[in-house]
Amino acid sequence: MRGPLSLLAAVAVLATACQAAPAEQPTPSPSPKPSITRADGSSCPDHPTPACTGAPRGVKLTRVGLDTENVAYRVRKPGTVLDGVHVPGHLLIHADDVTVRNSVIDGDVINSDGPESFRFTITDTTVGTTGKCEPLPGIGYDKYKATRVLVQGHSDGFRVSGDDVEIRDSFVKLCSNPGDHSDGIQAYNGGKGLLFHHNTVDQREARHITAPIFLVDEKSRDVVVTDNLIMGGTFSLQVRNARGRQVVRGNKLVDQSWVYGPVDSECGGTEWSGNELVTIDESYRITSIVGPLVCEGES
């Protein structure tokens, strides 16, 4: 039989061992990577906002003179690159393979010249000002790619009137004038191959409105609308009448931001999945999922 001192020593050893092996702590989950990160250090955690779209902060801009009726600057040379420019009016793209980046365009960016239109890309550029509301679309009409563009001061954001339009990671803040039918994106005499992916459209402050997404043109073919954040409108999400594929997937609509209803779309002819009603904060961050966004409208 052990004496009292032996028992005390054993207890002390056991206590020391317990203190030396604390319970394992769970490894904290890593913070999610921003969905958009730019070379100037700006980023957005999820959907686009003014913080990660438009002309990069600190970019040095060169003002170009208006050469067309004192209201527009016209590009006539194929392959022209406009990098870090300020156009104090409209930009007319009348040549193919034009690139616009890191720039500010105070008016519209339009690529039609009578019956002709011209291919271009526009990236990290601000289109429009907050001082007025232009009645024409911010960017149009076909054969263009827009990425991380900020459109403001326009009653229409993007116009689609032909083939091969791709719009990604862009932010649109809409306004309106009496008699306007404001839209974030509208197809009019649309064409084949439209992708509208991971954009934010805010129509809440416009009064003369149709919808943030208004794609109902019967001439459209193969329309894909995915992972966008939208708010406002009469019926906020309107996609119907396109031939070929019609995809509406993973979009977020701010709850109760509409006038009449959330959706007026062609449900039977649309690949509809993963769309949700949400709430957001003043920085466009999603704060809660209210529930699924169900397709309503024509069968």
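Trainee: Which element gives the most to the lining of the largest pocket?

Mentor: That's β19, with three residues. This is a predicted model, where local features need pLDDT of at least 70, side-chain atom pairs count only at pLDDT 80 or more, and totals for chains, interfaces and linings use all residues. Numbering starts from 1 along each chain as its sequence is written, and side-chain values use heavy atoms, with hydrogens and water left out.

Trainee: What makes a residue part of that lining?

Mentor: An atom within 4 Å of a pocket point; a pocket is an open set on a 1 Å grid over the protein atoms alone, where a 1.4 Å probe fits, with protein on both sides within 12 Å along at least five of seven lines. Here 13 residues qualify, and T130, Q152, G153, K173 and L174 lie nearest the centre. β17 (150-160) and β19 (171-174) each give two or more.

Trainee: Why are β18 and β21 called paired?

Mentor: Pairing takes at least two DSSP bridges between strands (E runs of at least two residues). β18 (residues 165-168) and β21 (residues 192-197) have four, in the parallel sense, so they count as paired.

Trainee: What makes β5 and β30 edge strands?

Mentor: The open sheet runs β5-β8-β13-β16-β18-β21-β24-β27-β30. β5 (81-83) and β30 (271-273) each have a single partner strand, so one side of each lacks a neighbour in the sheet.
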